[in-house]
Amino acid sequence: MTAIIQARKLTKRYESADLLAVDELSFDVHQGECLAVVGESGSGKSTAARMIAGLEAPTSGEVLVEGEARPPVPWPRARRRRLARQIQMVYQDPITSLDPLQTVQDTLGEILAFHDAEADRTARVNELLDRVGLGERYRARRPSDLSGGERQRVAIARALAVNPKILILDEAVSALDVSVQAQVLNLLADLRAELGLTYLFISHDLGVVRQVADRCLVMLGGRAVETADTEDLLSKPEHPYTKRLLEAVPGPGWRPARRQAAVA
Amino acid sequence: MTSLLEIRDLAIDIKTATGWRPLVHSLSLSLNRSGALGLVGESGSGKSVSTRAVMRLAPEHSRVNGTVVYDGEDVNTMNRGRLREYRSRQVAMIHQDPRSHINPLRTVGDFLTEGVRHLPRGERRELAVSALADVGIPDGRRRMDQYPHQLSGGLLQRVMIAAAVMTGPKLLLADEPTTALDVTTQSEVMAVLGEAREQHELALLFITHDLELAAAVTDRLAVMYAGTIMEEGPTAAVSRAPQHPYTIGLLASQPNVRGARRERLTPIPGRPTAAHESGPGCPFAGRCLFAEDHCRTERPAPRLLGESLVRCHRAEDPEIRQAAARIQEES
């Protein structure tokens, strides 16, 4: 298996807050797989994702995508389109990442125009809406006319508009109601299979991760504490923190446990 | 056991430009002394607004019908003084976001002692420090002088629990108290809540979207959809042998962490609808995989099936029973 993403000793230090958010994080994501990065708030998982995407410059370390170092934004004009086509991101809350004044047609059309001025935009917008299970009748809608699940489908369509190889999904289903979350998880599984995409899936939810990810990387305090195939990680967790995370998930027979006195 | 809280035929409507719009439809529930009842539903199902009605807190421009009886007394006919006493001494409430329910400019100590101002100063402080120790905050004396922004979300939620039990209530309303917390913190806060309930013999009305979490901490469960209770019964029955297609759908949508991995989730089609979008039939009919014609035209009444009240015309159908059995096998 070839690594499509290689993170090498990625480190992010925020001097102003005296915070080491990500500490020499190294991992590979293979072509076509879904790697989940799991952790609680403050573990550094989103910062790591943003460095992979190029939205944030690492303090040290580097990211290689398809064997080539990926520069942080602002990208040189000449390489902008190609870099955007490598990786696209989908965020937790589409209401903050979609322009409230733009229709779905505008949102998708804008990106299509930027990347390929020649394309038949109407046809492409329809095709994208079809892919994410929405259809043509959604073209004139604005984010406020859409439900949470529909908005997230539009955000996914927007990410797919440039035919990326990699999607970074940062808590992309966390804000959805469970019945809708299941629909979007199935959609993401279908898209990966149909389009041969590679996913970097950031999540705090082990159940969701089990549903989508081939492998799992557990983060704590900016470091990777355990990496394993998802089923192995869930059935035989090795790191004490992974065990704690698993034990804390409610399910049949589960009882909440108080570990010790509060510290933070 | 006599019930501490009885809600009978609660209906809440809200006034809009086009007329009255229902939020909650004919809701009846009862909660025993020291019992724990989980109210589970997706966003917009009406669980929070119903819970606030227990405190006689209605949304603006709304009308509330039905009765809420607390310890034999009708909450809706309490006079002003009695209502204040009821809200401050009998019932306590904790919320999803503690930060928006605490004054950021006052110390933790100020907040904790607010409800016991009738006591001498020194006694108040001692009481607060011991309440903090009870919720697992050993260095209470230091915490008393801190401000909310100096505390993490999990710690602040413990402070809320301490404050809630200090006035000696009999009923605790908890509205998604751990939804904003990390899973390990959630486990600890729920454990603290459990201990507080035991120590103070508190009854708990627990509102959540997380059926598994509710199942772990309650003895009865009510599942709400579009302002209506679809299924209500003993927790073990509702969560392990669900009978309503909506409860079954919720469980089938949920990825398993333990047990067999679901190859593919079976989502409920469509999106959660609100009470005012329901037609004359079953509110869930539009999304139900088992709906037939009469489900769309005739509103089902709750029926006692086994130990649960189930609001479904077709609940005994073998098809629906099979779907429920599949979930049980997987978990």
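# Briefing on a predicted two-chain model

Chain A holds an open sheet of four strands in the order β2-β1-β4-β5, with antiparallel pairing; strands here are DSSP runs (E) of at least two residues and helices are DSSP runs (H or I) of at least four, numbered from the N terminus, and two strands pair if DSSP finds at least two bridges between them. In this sheet β2 and β5 (68-69) of chain A stand at the edges, each with a single partner strand, so one side of each is left without a neighbour. The model is predicted: local features need pLDDT of at least 70, side-chain atom pairs count only at pLDDT 80 or more, and totals for chains, interfaces and linings use all residues. Residues are numbered from 1 along each chain as its sequence is written, chains are lettered from A and ligands numbered from 1 in the order in which they are written, and side-chain values use heavy atoms, with hydrogens and water left out.

**The sheet of chain A**

- Strand β1 (residues 3-14) of chain A runs antiparallel to strand β2 (residues 19-30) of chain A, and eight bridges join them.
- Along this pair, A:Leu10 stands opposite A:Leu25 in β2(A), and A:Tyr14 has A:Leu19 as its bridge partner in β2(A).
- β1(A) and β2(A) form a hairpin with four residues between them, and A:Asp18 in the turn has a positive phi of about 50 degrees.
- Strand β4 (residues 60-65) of chain A is also antiparallel to β1(A), the two being joined by five bridges.
- The bridge partner of A:Ile5 in β4(A) is A:Val65.
- In a regular strand the side chains alternate between the two faces of the sheet.

**An enclosed helix in chain A**

- Helix α1 (residues 45-53) of chain A is largely enclosed by the rest of the structure, because seven of its nine residues are buried.
- Burial is judged by relative accessible area: buried means under 20%, exposed over 50%, and partly exposed in between (1.4 Å probe, protein chains only).
- The buried residues of α1(A) are A:Lys45, A:Thr47, A:Ala48, A:Ala49, A:Met51, A:Ile52 and A:Ala53.
- Just after α1(A), A:Gly54 takes a positive phi of about 95 degrees.

**The interface of chain A and chain B**

- In chain A, 40 residues are in contact with 50 residues of chain B, where contact means heavy atoms within 4.5 Å.
- About 3,800 Å² is buried between chain A and chain B, and carbon and sulfur atoms give 52% of that area; buried area is the accessible area (1.4 Å probe) that two parts lose on being put together, summed over both.
- Of the area that chain A buries against chain B, A:Arg210, A:Gln211 and A:Arg258 supply 19%, more than any other three residues.
- The interface has 21 residue pairs in polar contact, both residues at pLDDT 80 or more; a polar contact is a pair of N or O atoms within 3.5 Å, and within protein one must be able to donate a hydrogen and the other to accept it, while residues adjacent in sequence count only if both atoms are side-chain atoms.
- Helices α7 (178-195), α8 (206-212), α9 (230-235) and α10 (240-247) of chain A each supply at least two residues of the side that touches chain B.
- Among these helices, α7(A) gives the most to that side, with nine residues.
- The residues of the side of chain A that touches chain B divide into 20 nonpolar, ten polar and ten charged; Ala, Val, Leu, Ile, Met, Phe, Trp, Tyr, Cys and Pro count as nonpolar, Asp, Glu, Lys and Arg as charged, and the others, Gly among them, as polar.

**Salt bridges**

- The count over all chains is 37 salt bridges, each being a side-chain nitrogen of Lys or Arg within 4 Å of a carboxyl oxygen of Asp or Glu.
- One salt bridge is found across the interface of chain A and chain B: A:Asp190 pairs with B:Arg264, the closest N and O atoms being 2.9 Å apart.
- Within chain A, the side chains of A:Lys236 and A:Asp232 meet in a salt bridge (3.6 Å, N to O); A:Lys236 is exposed, with a relative accessible area of 55%, and A:Asp232 is partly exposed, at 35%.
- In chain B, B:Arg8 forms a salt bridge with B:Glu6, with the closest N and O atoms 2.7 Å apart, and B:Arg8 is partly exposed at 37% relative accessibility.
- B:Arg296 and B:Asp293 meet in a salt bridge (4.0 Å, N to O), and both lie in helix α11 (residues 293-297) of chain B, three residues apart, about one turn of the helix.
- A network of salt bridges links B:Glu292, B:Arg314, B:Asp317 and B:Glu319.
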